[in-house]
Amino acid sequence: MTNPPPPGNWTDPTWSAQPSSPAPDPTLVAGQPVPPQPGPVDPYAPDPYAPDPYAPVDPYAGAKQPATQPMPGYAPAGYAPAGYPPQYPGYGYPQPPKTNGLAIAAFVLALIGFTSCITAPIGAILGHVAQKQIRLSGEGGAGMAKAAIIVGWILTGFLVLVIAGYAAAIIYAIATSDNSSSY
């Protein structure tokens with residue numbers, strides 16, 4: 001293969017009839033042979049990265065212990081600290097919010113109101129106060145506060161009906177009594 005001469009009488013000192021270098025070999029990349037493409041993988045071939053199952057085992061490997069015990073939370077250089085690793089964010093269950101103490105007290109007082117109706121209105125009022133605290137602080141216990149309000153006011157309503165019934169019975173007894181007593 002030769003190159004054509006330059007046009008006209010002008011001569012190029014770098015031009016020659018022969019190419020300056022041979023054509024590149026398609027089987028070479030940067031002067032190195034091209035590696036063959038990988039073929040199908042043999043599923044029964046041994047894993048070259050697996051540990052050698054026939055390697056000798058040191059029977060005393062577990063018996064080696066340091067002369068002194070390290071302090072808790074301290075790990076010698078090159079070793080990981082003892083205990084569990086820190087939990088990564090986004091894994092596991094989130095921690096529930098702290099329950100409002102006033103909501104717990106209101107719920108307990110409202111439930112005690114079943115035996116003595118006197119504590120039921122106190123539980124209902126504390127339930128209202130606990131709901132306001134929960135809205136402002138973001139604590140847990142909104143369900144308990146609401147239950148204390150409902151149970152407390154229902155039992156307070158029963159207490160009012162019972163007192164009204166006793167008052168009506170007393171008024172009826174007084175109105176129908178015979179005041180003519182003869183001594």
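I take helices (H or I, at least four residues) and strands (E, at least two) as DSSP runs, numbered from the N terminus. With that, I looked up Ile125 and found it in helix 2, residues 119-137.

**Ground rules.** I am working with a predicted model, where local features need pLDDT of at least 70, side-chain atom pairs count only at pLDDT 80 or more, and totals for chains, interfaces and linings use all residues. I number residues from 1 along each chain as its sequence is written, and side-chain values use heavy atoms, with hydrogens and water left out.

**Whole chain.** I found three helices and two strands in the protein chain. Along the sequence I read the pattern β-β-α-α-α. Of the 183 residues, 11% are buried (buried means under 20% relative accessible area, exposed over 50%, partly exposed in between, with a 1.4 Å probe and protein chains only). I also checked contacts (heavy atoms within 4.5 Å): among those between residues at least 6 apart in sequence, 53% join residues at least 24 apart.

Is Ile125 buried, partly exposed or exposed? I note that Ile125 counts as partly exposed because its relative accessibility is 47%. The C-alpha atoms of Ile125 and Ile149 are 7.1 Å apart, and the two residues are 24 apart along the chain. Next I went to Ile154, which is in helix 3. Ile154 has a relative accessible area of 47%, so it is partly exposed. From Ile154 to Pro121, 33 residues away along the chain, the C-alpha atoms are separated by 9.1 Å.

**Helix 1 against helix 3.** I looked at how helix 1 (residues 101-112) packs with helix 3 (residues 142-175): the angle is about 30° and the axes are 8 Å apart. Axes here are lines fitted to C-alpha atoms, for helices over the stretch in contact, and angles run from 0 to 180 degrees between N-to-C directions. That makes helix 1 roughly parallel to helix 3 (angles under 35 degrees count as roughly parallel, over 145 as roughly antiparallel, 65 to 115 as roughly perpendicular and the rest as oblique). Which residues of helix 1 and helix 3 make the contact? Helix 1 brings Ala103, Ile104, Ala106, Phe107 and Ala110, while helix 3 brings Met144, Ala145, Ala147, Ala148, Val151, Gly152 and Leu155.

**From the record.** I saw that UniProt, in an unreviewed entry, places the feature "transmembrane region" at residues 102-126 and 147-175; such annotations may be inferred rather than shown by experiment. In the model, residues 102-126 are 76% helix and 0% strand, with end C-alpha atoms 7 Å apart. For residues 147-175, I noted 100% helix, 0% strand and end C-alpha atoms 42 Å apart.
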